[in-house]
Amino acid sequence: MKNILVPIGSNENAVNTLQYAIDFAEKMNAKIYLIHVFSSSKISGSFVKMDDLFERESKKILKDHLLNVDKKNVEIFSKSLKGYNIIDSIEQLVKAFKIDLLITSTKNDMSENSVFLGKITGSLVKDTKTPVLIIPSMASYKPISKVLLAVKSGIIKSKTALNILTSIQKEFDSTINLLQVKTPTLKEKDLEINKELDEITSDLILTENATIFQAVLEFLHEEKPDLICVIRRKRGFFKKLWEEDKIKKIDFESKIPLLVLKGKV
């Protein structure tokens with residue numbers, strides 16, 4: 001893992017997320033690309049000057065965030081970007097800078113308090129192919145000694161899906177416990193565990209539950225992980241994101257960082 005992209009907003013969670021990203025990048029010996037995307041004015045004439053105002057405000061947001069964190073020895077490149085679509089802008093940067101991981105807040109916008117995962121972060125999970133590390137507002141950095149990896153199917157088709165997780169395991173010497181959730185719709189063949197998955201996990205916890213959401217919440221207190229990890233599939237953990245780009249707190253909420261890997265749909 002060499003390059004981490006941190007899309008940042010102006011909300012109160014931004015500084016905490018950036019500090020977590022810096023601490024994490026220091027351990028992983030990675031660079032950070034810090035960006036703030038502002039919307040470009042589509043109005044012609046004198047209103048075009050609004051872009052200059054938006055850009056100045058965007059640069060100020062980045063500067064203020066950087067002044068409020070301990071940058072340590074991490075190489076940080078910050079950039080204010082103009083774009084009509086935040087996700088499109090991020091995808092272009094992912095390709096240009098060969099980004100390995102996105103680190104973002106649970107909410108990068110002004111979503112209501114009832115929302116755990118905001119629309120922008122939800123779109124990053126749903127519409128990009130890059131793994132996403134989501135940082136709750138109250139989460140503070142600490143070494144990732146224990147990971148709870150939650151799956152339904154033990155079949156991992158993508159050869160690269162586990163790369164980020166194995167990098168974390170190597171750098172932190174992490175223990176990974178596999179929580180396999182047998183839901184009512186799970187097929188018998190899905191109970192098999194891939195060789196690659198089996199090699200990186202220490203313990204297998206098999207449980208029956210209606211959803212992975214509920215199973216994770218049930219085992220959080222027992223396992224006490226430093227990181228929750230799930231694999232985004234077409235009908236997996238983030239099924240609700242295929243209906244709307246957000247998750248409400250009544251459906252799922254965690255104070256522990258959440259790593260979303262991308263498997264084949």
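**Reading salt bridges, rings and strands**

Me: D64 and K60 are both in helix α2, four residues apart, about one turn of the helix. What do the side chains of D64 and K60 meet in?

Reply: Quick caveat before the answer: this is a predicted model, where local features need pLDDT of at least 70, side-chain atom pairs count only at pLDDT 80 or more, and totals for chains, interfaces and linings use all residues. Residues are numbered from 1 along each chain as its sequence is written, and side-chain values use heavy atoms, with hydrogens and water left out. A helix here is a DSSP run of H or I with at least four residues, a strand is a run of E with at least two, and both are numbered from the N terminus.

Now the general idea: side chains of opposite charge can pair when their charged atoms come close. The label "salt bridge" needs a side-chain nitrogen of Lys or Arg within 4 Å of a carboxyl oxygen of Asp or Glu. D64 and K60 meet in one, at 2.8 Å from N to O. As for solvent, buried means under 20% relative accessible area, exposed means over 50%, and partly exposed is in between (1.4 Å probe, protein chains only). D64, at 30%, is partly exposed, and K60 is partly exposed too, at 45%.

Me: How many salt bridges does a search of the whole structure find?

Reply: Six. Have a look at the one between K72 and D23, 2.8 Å from N to O. This one links distant parts of the chain, with K72 in the loop between α2 (50–67) and β3 (76–82) and D23 in helix α1, 49 residues apart. D23 is buried, with a relative accessible area of 10%, while K72 is partly exposed at 38%.

Me: Which residue does E26 form a salt bridge with?

Reply: K72 again, with the closest N and O atoms 3.6 Å apart. E26 belongs to helix α1 and K72 to the loop between α2 and β3, so this pair ties together parts that are 46 residues apart in sequence. E26 is partly exposed, with 38% relative accessible area.

Me: On to rings. Are F24 and F172 buried or exposed?

Reply: Both are buried. Rings of Phe, Tyr and Trp (its six-membered ring) pair if their centres lie within 6.5 Å; planes under 30 degrees apart count as stacked, over 60 as edge-to-face, and the rest as tilted. The whole structure has four aromatic pairs. For F24 and F172, the ring centres are 6.2 Å apart and the planes at 25°, so the pair is stacked. It links distant parts of the chain: F24 is in helix α1 and F172 in helix α5 (residues 163–172), 148 residues apart.

Another stacked pair is Y33 with F97, at 4.6 Å centre to centre and 25° between the planes. Y33 is in strand β2 and F97 in the loop between α3 and β4, so the pair ties together parts that are 64 residues apart in sequence. Y33 is buried at 14% relative accessible area, whereas F97 is partly exposed at 34%. Ring pairs also bring in F77, making a cluster of Y33, F77 and F97.

Me: What sits over the ring of F172?

Reply: The charged end of K27, 5.6 Å from the ring centre. To count, NZ of Lys or CZ of Arg must be within 6 Å of the ring centre and within 35 degrees of the ring normal.

Me: What is the phi of N29?

Reply: Most residues other than glycine have a negative phi, and most peptide bonds are trans. N29 has a positive phi of about 55° although it is not a glycine. You'll find N29 in the loop between α1 (14–28) and β2 (31–38), and it is exposed, at 61%. K98 also has a positive phi, near 50°; it is in the loop between α3 (86–96) and β4 and is exposed at 66%.

Me: Last one: which residues of strand β6 are buried?

Reply: V132 and I134 on one side and L133 and I135 on the other, which covers both faces of β6 (residues 132–135). Strands pair if DSSP finds at least two bridges between them. Four bridges join β6 to strand β4 (residues 101–105) in parallel, with L102 partnered by V132. Three bridges join β6 to strand β12 (residues 258–262), running antiparallel, and there L133 stands opposite L259.
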